[in-house]
Amino acid sequence: MIKYVIKTLWRHRTRTFLTVSGAAVAMFVFCFVGSVQEGLNRLSNGEDANRSLIVFQENRFCPTSSRLPQDYANQIGKIDGVAEVMPIQVWTNNCRASLDIVVFNGADPEKIQQNRPLQLVEGNWQEFESRRDAAIVGKNVATRRGISRGDQFSIGNISVNVAGIFESNVPAEENLIYTNLNFLQYTQGLDSAGLVTQHEVMLQNNADPDRVAREIDQALRAGPVATTTRRKGAFQASTLADLVDLIGFAHWLGFACVGLVLTLVATTTVMSVEDRMKEYAVLQTIGIRPLRTLRLVLTESTLLCLVGGVAGTGLALLALSLGGFAIGAEGSTIAFRPSFDLLVYGVVVSLGLGVVSGLVPAIQAARVPIVKALNQP
Amino acid sequence: MALVELRNVCKSFTKGDQTITPLDHVDLDIEAGEFVSLMGPSGTGKSTLLNLISGIDRVDEGSISVGGVGVTELSRGKLADWRARNLGYIFQTHNLIPVLTTYENVELPTLLLRLSSAQRRQRVELALEAVGLTDRSNHYPSQLSGGQEQRVGIARAIVAHPQVVVADEPTGSLDTKTSEQIQVLLQRLNQELDITLLMVTHDAEVAAIASRRLLLDEGKFVEQNVDTPLKKS
């Protein structure tokens with residue numbers, strides 16, 4: 001009987017094509033929104049979100065306004081539960097929300113190699129360590145900006161020589177450019193000799209992050225600059241607070257897309273079934289059970305949704321993997337990445353929508369008043 | 001016991017504020033292998049009777065059994081199963097599925113039976129051969145003439161080897177020449193394949209091909225002598 005369904009869809013191919021296209025566009029948007037949501041969830045719930053802390057200047061938000069003494073690292077390192085401290089100078093081309101944010105993180109190359117899950121896909125660490133103006137660039141930034149190894153990349157007063165391109169299993173990392181700490185501190189306009197934007201604190205396995213954060217702020221209260229220390233996840237969520245609201249709103253946009261697919265496919269299927277009431281009456285006269293008629297219509301709507309949904313999801317994943325999209329604010333970024341979960345989610349939602357959107361017309365077809373329908377012209 | 005038995009069957013319709021009773025406590029027996037034609041003026045309930053026997057409409061009172069099965073007792077789903085195995089329906093307007101080829105239209109009822117694909121193919125080929133449409137098996141209904149469409153409809157009705165085939169004005173939408181071809185075909189099916197046929201028609205000439213003729217008038221059956229020439233109703 002699947003042949004009958006496919007032939008019916010093919011017979012009305014313009015209608016089928018338009019419905020499938022509509023479903024594909026809506027599922028494309030749905031998956032894109034889903035990837036933003038996933039990116040945000042990764043930032044706030046990722047592996048290092050609760051096992052490392054960020055020490056920032058108190059009451060400051062944009063990285064350019066946080067200026068902490070670099071030697072705070074020594075004091076922080078003595079606090080019980082701290083495994084390691086990495087002073088980081090951050091520079092960003094835009095403190096406000098942007099889709100093309102460029103964020104430099106200046107840190108000790110050795111510490112970067114030890115503490116960051118980076119894998120060079122082009123270039124080598126030696127070159128990065130030996131050249132003062134060398135930088136390694138995250139894959140997303142490189143894709144977005146068309147950067148390759150050996151390029152001279154300049155933005156604002158910063159000009160770096162690209163020593164390598166890296167990828168990471170933490171997608172947000174791929175939106176960063178790492179340089180030597182000294183290089184970034186002495187960049188014209190930053191004037192940050194001896195100062196850093198933040199200290200990243202790696203915790204020992206058994207350390208309570210909130211206790212350590214309190215102790216750090218307490219210990220540095222007597223210093224020249226007061227600090228606020230938070231878990232890395234909380235810090236990133238806080239710096240991206242405005243975006244979180246927007247992403248929350250975009251979430252509704254995703255639901256609207258689901259509603260759109262539902263309405264679109266349901267309308268098409270209802271129209272198709274109402275046009276073919278006599279056909280369903282003939283099928284039942286021949287001996288096809290009402291339940292089987294119901295399944296025929298459900299198969300039709302599910303195929304429409306599934307083909308459109310899979311196409312839309314596939315295109316979204318392709319665009320996400322090729323585009324290197326990210327959104328950021330105040331030095332933190334959210335990476336839009338394709339994922340297996342997103343693929344499964346897209347397919348399952350399409351499948352569910354296909355069944356739900358076909359339910360009413362399927363019941364109509366199954367309960368067709370046979371004699372009345374047969375008497376239709 | 002007759003193959004088709006109607007006992008005390010009653011069926012009424014409401015049209016506006018009027019109640020019409022086309023079938024008023026009627027009884028009928030049809031034996032296996034019979035070819036029965038049913039005539040009568042418009043609105044006398046001929047098609048209603050076919051619909052009741054087929055189980056696509058429900059009686060108000062009385063009972064119908066076909067091959068010992070109480071059709072009036074079955075649920076909608078079970079009736080569909082029963083029709084798939086035991087009843088063929090020939091429509092006046094052919095009612096072929098437009099997206100399916102001749103072969104696929106005829107194959108449709110066999111998909112509801114427990115048959116191997118080889119058995120299915122054999123049955124479809126035999127049915128198409130019986131109606132002389134083997135060479136049109138890959139054509140779509142839109143590529144067939146009215147007479148050919150009706151022959152496909154007949155092949156579809158007989159392919160499952162049903163106990164009884166009902167035909168509702170099978171020549172009603174055809175020209176005289178094609179109508180004659182269909183009449184010959186129906187007679188052959190009855191005589192050569194021993195198919196029990198119940199045919200509703202307005203046309204006395206068409207009714208004359210049946211071995212038994214019934215007239216339905218004012219809710220009752222009147223047996224017509226096969227030797228009596230029939231007038232057009």
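**Close-up views of a predicted two-chain model**

**View 1. Where the two domains of chain A meet.** In this predicted model, 16 residues of domain 1 of chain A are in contact with 20 residues of domain 2 of chain A. On the domain 1 side, the elements giving two or more residues are helix 2 (13–45), helix 10 (241–275), strand 13 (326–329) and strand 14 (332–335) of chain A. Strand 13 of chain A provides the largest share of that side, with four residues. If you sort the residues of this domain 1 side by class, you will find seven nonpolar, five polar and four charged.

**View 2. Stepping back to see how chain A is divided.** Domain 1 of chain A is built from two stretches, 2–44 and 242–374, while domain 2 covers 59–225. Taken over C-alpha atoms, the centres of domain 1 and domain 2 of chain A are separated by 43 Å.

**View 3. A helix pair in chain A.** Two packed helices are described by the angle between their axes and the distance between the axes. Here, the axes of helix 2 of chain A and helix 9 (residues 232–239) of chain A come within 7 Å and cross at roughly 135°. Because of that angle, helix 2 of chain A counts as oblique to helix 9 of chain A. To find the contact, look for A:Leu43, A:Ser44 and A:Asn45 on helix 2 of chain A, and for A:Gly233, A:Gln236 and A:Ala237 on helix 9 of chain A. These contact residues divide into two nonpolar, four polar and no charged.

**View 4. Chain B on its own.** The C-alpha atoms of chain B fill a box of roughly 50 × 40 × 40 Å along the principal axes. A compact globule with 233 residues would have a radius of gyration near 17 Å, and chain B agrees because its own value is 17 Å. Of the 233 residues in chain B, 45% are buried. Among contacts in chain B with a separation of 6 or more, 70% join residues 24 or more positions apart.

**View 5. Where chain B touches chain A.** Here, 19 residues of chain B are in contact with 17 residues of chain A. On the chain B side, helix 1 (46–54) and helix 2 (76–86) each supply at least two residues. Which element of chain B gives the largest share of this side? That is helix 2 of chain B, with six residues. By class, the chain B side has eleven nonpolar, four polar and four charged residues.

Key: Residues are numbered from 1 along each chain as its sequence is written. Chains are lettered from A and ligands numbered from 1 in the order in which they are written. This is a predicted model: local features need pLDDT of at least 70, side-chain atom pairs count only at pLDDT 80 or more; totals for chains, interfaces and linings use all residues. Domain bounds come from an automatic or database domain assignment. Two residues are in contact if their C-beta atoms, placed from the backbone, lie within 7 Å. Ala, Val, Leu, Ile, Met, Phe, Trp, Tyr, Cys and Pro count as nonpolar, Asp, Glu, Lys and Arg as charged, and the others, Gly among them, as polar. Axes are lines fitted to C-alpha atoms, for helices over the stretch in contact, and angles run from 0 to 180 degrees between N-to-C directions. Angles under 35 degrees count as roughly parallel, over 145 as roughly antiparallel, 65 to 115 as roughly perpendicular and the rest as oblique. The radius of gyration is taken over C-alpha atoms; the globule rule is 2.2 Å times the number of residues to the power 0.38. A residue is buried if 20 or more other C-beta atoms lie within 10 Å of its own, exposed if 12 or fewer, and partly exposed in between; C-beta atoms are placed from the backbone.
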